[in-house]
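Please keep the sequence and the model side by side as you go through them.

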Amino acid sequence: MSKVYRPADIPRIVVIGGGTGLSVMLRGLKQKPLDITAIVTVADDGGSSGILRSELQIPPPGDIRNVLTALADVEPLLSEMLQYRFPAGTGLAGHSLGNLILAAMKDITGDFVTGIREMSRVFAVRGRVLPASRQELYLRALMEDGTIVEGESKIPLAGGRIKRVMLEPADIEPLEEAIEAIRDADAILCGPGSLYTSILPNLLVPGIAEEILKSEAVKMFICNVMTQPGETDDYSVGDHLTAIHNHIGHHLFDYVIVNNGEIPPQVQNKYAEKGAKAVHLDLDEVTKRGYRVIADKLVLFRTYLRHDADKLSEHIYQIVESWMLRKR
């Protein structure tokens, strides 16, 4: 593997997750003087990603495409092109152009990880984007009623409460570049993103959580603003942390960054129609467990609620700077 060179004083930050929330945060972080590596879940089996995964035997490209687009230093029109989804056409309908390009790059280079690296170079991506594993992996959920749900896309639709998620096969190997990035990191972030279908699938890849535990980096959990129907119904901040602890068996984070800004009633009502509500900050419970909590108004509302990428990235950068100063 070719060595990545960087100025010695730029902090190395590893961000772990998937989904829209991670991409929003990365748009803010790429404006900071940080050496970013994003480790992205490859358990998706729905939509365009699922079709390409099944037909071409490649890891699902959707979350990787979103992260590449977020970190790309290109004209807005080019980013829009990567996210463009064909509305019609036999075999094309539903596919995003970025997913098809990633599939093509895998064929051209002969390897999915090499294809991501070359696409990153073409689109001037600020940082590295890595899948958690080269191997095909599938997600299963054990529900509290004892039933098993197969497939990442089906888990939130099952209508029950999740007790545990598991990866298949059990002998998955982590991507070595991902392990090395965690070992070299000055800061490690998990989230935001779907708890059971984006964050935990990364942490359950053998070796990932173990390296995070051994790392002397500062570790942060970025909590979602809203609960997710079918995954985290009625979850508090503490419930998110409990779920991770129950799967990993250890206290993983130093800091928890959460939104405490008020969400307008009309926005809450819009989300309530879909079964979502604001994640409650049970501050006493979280701090009692030893987490340091950073709470601020971190939301913006346009069509959907999203993290305020600028404010969130500023909090993260201040924590990283403070940690680096203590290490010197």
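1. Two strands are said to pair if DSSP finds at least two bridges between them, and helices (H or I, at least four residues) and strands (E, at least two) are DSSP runs numbered from the N terminus. Strand β4 (residues 138–143) pairs with β5 in the antiparallel sense over 3 bridges, and R140 has E150 in β5 as its bridge partner.

2. This is a predicted model, in which local features need pLDDT of at least 70 and side-chain atom pairs count only at pLDDT 80 or more, while totals for chains, interfaces and linings use all residues. Residues are numbered from 1 along each chain as its sequence is written, and side-chain values use heavy atoms, with hydrogens and water left out.

3. The open sheet has 3 strands in the order β5-β4-β6, with antiparallel pairing. Because β5 (148–150) and β6 (162–168) stand at the edges with a single partner strand each, one side of each is left without a neighbour in the sheet. From one strand to the next, the twist averages 25°.

4. H307 counts as buried because its relative accessibility is 8%, where buried means under 20% relative accessible area, exposed over 50%, and partly exposed in between (1.4 Å probe, protein chains only).

5. Leaving aside neighbours within four places in sequence, H307 is in contact (heavy atoms within 4.5 Å) with several residues, among them V24, P192, C223 and L312.

Definitions and conventions. Axes fitted to C-alpha atoms, helices over the stretch in contact; angles between N-to-C directions.
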